[in-house]
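Trainee: I have a protein model to look at. Can we go through it step by step?

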Amino acid sequence: MNNKITIAIDGFSSTGKSTVAKQLAKHLGYVYVDTGAMYRAVAYYAMSHGFINENGFDKASLIEHLENVNISFKFNDALGFAEVYLNGVNVEKKIRTLEVSRFVSTVAAVSEVRHKLVEQQQQMGKDKGVVMDGRDIGTVVFSNAELKLFMTASAETRAQRRYKELVDRGDEVVYDEVLKNVQERDYIDTHREDSPLVKADDAIEVDNSNLTLEEQFSVILELVNKTLNK
């Protein structure tokens with residue numbers, strides 16, 4: 001497939017953006033860019049250099065060293081997905097730890113970090129053939145993407161999915177608390193000052209409240225094929 005395109009997938013939390021993005025990338029032979037992993041990589045960099053820990057966050061030092069942060073993705077044939085590299089070193093496993101999870105939100109809230117990663121994300125997509133998911137991909141990162149998708153589902157449906165995922169993992173959770181968390185995240189995502197979650201004017205909305213993963217992939221793949229055949 002020579003006429004490669006850029007596919008931007010935005011949407012609310014727990015709408016399966018990453019799942020379908022990975023499916024598309026594998027099917028098309030495209031690069032999948034996990035923007036959440038990029039923020040985790042910066043958090044790991046900050047931790048490794050002593051800029052953030054349980055005692056505090058030296059935001060100024062992190063901002064000063066951002067020019068030294070370079071994140072890339074390399075496809076691992078054996079695993080079937082692209083792994084994250086920080087300054088040329090594979091950090092895929094290191095960024096998935098609970099310790100990194102504790103600090104990533106704090107790091108991701110720094111505007112300078114967001115601007116830095118947007119630059120790198122745009123660089124990754126300059127040759128097209130990329131699938132990227134997040135909150136501001138179609139509106140900020142790739143505003144000229146050939147295909148923009150906006151994933152949504154009712155808060156109740158998303159909370160139920162998240163609740164089942166947590167229970168299956170062994171966590172003790174209450175559905176009402178999960179629902180409240182989903183609703184709070186929706187509010188924060190859509191009201192934050194820096195790159196809020198909004199549907200791009202030319203994005204195609206996909207409500208997967210009543211779709212299975214297979215049905216969702218089929219619907220979206222059809223949209224991809226239509227775009228490729230234009």
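Mentor: Start with the elements. This is a predicted model. How many helices and strands does the protein chain have?

Trainee: I count the two kinds separately. The protein chain has ten strands. Its helices number nine.

Trainee: Buried means under 20% relative accessible area. In the protein chain, the share of buried residues is 47%.

Trainee: What percentage of contacts join residues at least 24 apart?

Mentor: Take the contacts between residues at least 6 apart in sequence. Of these, the share joining residues at least 24 apart is 71%.

Mentor: Now one residue. Is Gln 121 buried or exposed?

Trainee: Gln 121 lies in helix α5, which spans residues 111–124. Its relative accessible area is 2%. The cut-off for buried is under 20%. Therefore Gln 121 is buried.

Trainee: Which residues does Gln 121 contact, leaving aside neighbours within four places in sequence?

Mentor: Contact means heavy atoms within 4.5 Å. With those neighbours set aside, the partners of Gln 121 are Thr 35, Met 38, Met 132, Val 141 and Phe 142.

Mentor: Last one. How far apart are the mean positions of the positive and negative charges?

Trainee: The protein chain has 28 positive and 35 negative charges. The distance between their mean positions is 4 Å.

Terms used: Residues numbered from 1 in each chain as written. Predicted model: local features only at pLDDT ≥ 70, side-chain atom pairs only at ≥ 80, totals over all residues. Heavy atoms only, no water. Helix = DSSP H or I, 4+ residues; strand = E, 2+ residues; numbered from the N terminus. Buried < 20%, exposed > 50% of the residue type's maximum accessible area, 1.4 Å probe, protein only. Lys, Arg positive; Asp, Glu negative; His and termini not counted. Charge placed at Lys NZ, Arg CZ, Asp CG, Glu CD.
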